[in-house]
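Please open the model in a viewer and keep the sequence at hand.

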Amino acid sequence: AASPSGKHITILHTNDMHARAVASSPEMGFAKVKGIFDQYRSQNPDTLTLDAGDTLHGTPFATLVRGESVVKVINEMGYDAMVPGNHDFNYGSNRLIELSQMLKFPIISSNVKKSDGTDLFKPYIIKEINGVKIGIIGFSTPETAYKTSPKNVEGLKFVDPAVEAKKAVDELKGKADVIIGVGHLGVDKSSIDTSLKLVKEVPGIDVFIDGHSHTVLEHGMQADNNTLIASTGEYTKNVGVVDLWVDGGKVVKKEAKLIDEKQAANIQPDGKVASLIASIQKEQEPVLKEKVGETPVKLEGSREKVRTGETNLGDLLADAIRDVSNSDIGMTNGGGIRASIEAGTITKGNIVTVLPFGNQIVQLKVTGEDIVAALENGVSDYPESKGGFPQVSGISFKIDKAKPKGSRVHSVMVGDKAIDPKAVYKLATNDFMSIGGDQYTMFSKYPQAGMYGALDEALISYIQKGGKVPAEAQGRITEGASP
Ligand code: ATP
Ligand code: ZN
């Protein structure tokens with residue numbers, strides 16, 4: 001085939017790395033990713049490097065220092081820009097701004113607005129590479145508004161990315177030869193504001209570098225308006241490479257591919273990044289290895305289990321938050337439990353992996369009626385998975401899944417008494433749910449009756465003081481036909 005005419009520009013990209021800094025096959029880790037970047041940069045100096053978000057959060061490596069470790073490492077990798085994903089807001093938007101100030105490259109997003117309507121981050125940047133002007137517009141998923149704790153995004157609005165895209169593309173006309181979208185939007189049908197929808201509504205975007213849905217696009221996807229959507233999947237399993245040829249101020253050819261562990265077998269991990277990661281790990285090791293206790297059985301926290309039913313880890317955590325706050329009831333969302341703990345020693349690292357969000361324990365004084373409404377919300381998708389599935393303590397109930405949503409909870413007992421809809425109970429939950437996260441909107445009208453520190457710390461002290469580690473789910477939540 002004839003080689004394409006024009007100037008050749010390579011875009012290297014990553015998304016949804018979720019702070020997987022360290023290699024763990026098939027995850028390549030940040031040092032190898034940098035090695036791949038450098039290999040391509042040496043082949044073509046006219047290279048742009050972009051990240052599509054969910055980068056700064058997701059492992060103890062990141063959580064322990066609220067993202068700073070990841071910032072240090074990605075600063076060495078040579079990015080030109082990144083967009084914030086929903087998980088990048090997990091330390092709160094103020095912390096994200098602090099982290100953005102530590103970054104050597106900009107965070108861009110056109111659809112995150114402050115309460116006065118101004119942009120939280122630069123909506124776009126223009127880079128000139130070998131005489132080609134490239135406009136790069138950022139987007140964040142509007143799902144961030146409810147996929148992180150509401151207090152993390154207080155005062156922020158996530159507006160329609162397609163509307164902002166249209167504005168930015170209009171502004172870039174005449175200023176940029178090439179327009180690239182980089183978004184944490186996703187192509188998954190479960191999202192409303194997908195990149196597919198955006199490029200359909202907004203012509204003029206040559207390439208869209210995407211994330212959020214963890215979709216692997218081996219050779220990109222030819223979408224509407226001749227936009228090429230590229231996305232690498234997740235967790236550093238692939239590096240994305242998009243090649244563009246630009247002639248007469250126009251893209252004349254574009255191609256996307258992914259580089260995985262196998263294809264990168266002969267590429268060396270970057271030494272500087274590897275030793276930086278190693279030195280951060282060494283600092284963190286004593287904290288993460290600290291022994292908290294023992295468990296004779298596996299504590300079940302896997303996504304499929306903890307979002308569809310009661311588990312022993314769910315019970316333990318709900319017991320811990322009820323105990324520390326001296327409440328009648330403990331209730332915490334299954335989606336907030338992010339990992340299991342294997343039988344044997346329980347370390348601080350295990351606990352941080354299970355509970356990475358830094359949630360606080362909140363006590364509310366709630367009517368029996370609203371407790372039941374909360375349980376109905378939690379099991380509305382049962383037996384399908386739902387982040388809001390409740391893990392409970394001090395309370396038991398049955399689910400009649402033959403009944404419609406909103407009326408399937410029955411036989412609710414608080415302690416050994418039937419729940420009284422008019423009585424007021426002390427409920428311990430997490431701050432995410434207390435302000436309406438996972439659709440627990442019935443809680444948001446109650447003022448906080450007390451704060452009891454962090455969830456992870458409560459779990460640690462509960463285990464340390466000899467709190468019972470349940471061998472199996474305690475039968476607090478069961479199926480049964482309503483009487
Ligand atoms: P990704 O962005 O990686 O594609 P996601 O975070 O959008 O994934 P999930 O992994 O399903 O999707 O996470 C959403 C769930 O996580 C919520 O429904 C909720 O249960 C839980 N969650 C998110 N943030 C918090 C928080 N701060 N506290 C407690 N639970 C949380
Ligand atoms: Zn995401």
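Begin by selecting strands S12 and S13, which run antiparallel and are joined by ten bridges. Strands (E, at least two residues) and helices (H or I, at least four) are DSSP runs, numbered from the N terminus; two strands pair if DSSP finds at least two bridges between them. Within this pair, Trp245 stands opposite Lys253 in S13. The two strands make a hairpin with two residues between them, and Gly248 there takes a positive phi near 55 degrees.

A word on the source: this is a predicted model, in which local features need pLDDT of at least 70 and side-chain atom pairs count only at pLDDT 80 or more, while totals for chains, interfaces and linings use all residues. Residues are numbered from 1 along each chain as its sequence is written, and chains are lettered from A and ligands numbered from 1 in the order in which they are written.

Next, select strand S1 (residues 7–14) with strand S12 (residues 238–247): seven bridges pair them in the antiparallel sense. Ile11 has Val242 in S12 as its bridge partner.

**The loop between S1 and H1**

Which residue in this part of the chain has a positive phi although it is not glycine? It is Asp16, with phi near 50 degrees, and its place is in the loop between S1 and H1. Pro26 belongs to the loop between S1 and H1 as well. The peptide bond from Ser25 to Pro26 is cis, with omega near 5 degrees. Most residues other than glycine have a negative phi, and most peptide bonds are trans.

**The sheet of six strands**

Move to the open sheet of six strands, ordered S5-S6-S8-S9-S11-S10 with mixed pairing. Its edges are strand S5 (124–129) and strand S10 (221–222), each with a single partner strand, so one side of each is left without a neighbour in the sheet. Helix H6 (residues 161–172) packs on the sheet and touches S5, strand S6 (132–140) and strand S8 (178–184). The direction of H6 makes about 165 degrees with that of S6.

Select S5 and S6 together: they run antiparallel, joined by six bridges, and Ile126 stands opposite Gly135 in S6. They form a hairpin with two residues between them, and Asn130 in the turn has a positive phi of about 50 degrees. Then compare strand S9 (residues 207–210) and strand S11 (residues 228–230), which pair in the parallel sense over three bridges. Here Phe208 stands opposite Ile229 in S11.

**Two helices side by side**

Select helix H3 (residues 68–77) and helix H8 (residues 271–289), which pack at an angle of about 170 degrees with their axes 10 Å apart. H3 and H8 are therefore roughly antiparallel to each other, a description used for angles over 145 degrees. Their contact includes Val73 and Met77 of H3 and Leu276 and Ile280 of H8; residues are in contact if their C-beta atoms, placed from the backbone, lie within 7 Å.

Colour the protein chain by domain: domain 1 (7–284) and domain 2 (292–479), with bounds from an automatic or database domain assignment. Their C-alpha centres lie 35 Å apart. Eleven residues of domain 1 are in contact with eleven residues of domain 2.

In the loop between helix H12 (368–378) and strand S18 (390–393), find Pro383. A cis peptide bond joins Tyr382 to Pro383, with omega about 5 degrees.

Finally, select ligand 1. Which of the 20 residues around ligand 1 come nearest? They are Ser149, Gly335, Gly336, Gly387 and Phe432; a residue counts as near if its C-beta atom, placed from the backbone, lies within 6 Å of the molecule. The shell around ligand 1 draws at least three residues from each of domain 1 and domain 2.

Definitions and conventions: Two residues are in contact if their C-beta atoms, placed from the backbone, lie within 7 Å. Axes are lines fitted to C-alpha atoms, for helices over the stretch in contact, and angles run from 0 to 180 degrees between N-to-C directions. Angles under 35 degrees count as roughly parallel, over 145 as roughly antiparallel, 65 to 115 as roughly perpendicular and the rest as oblique.
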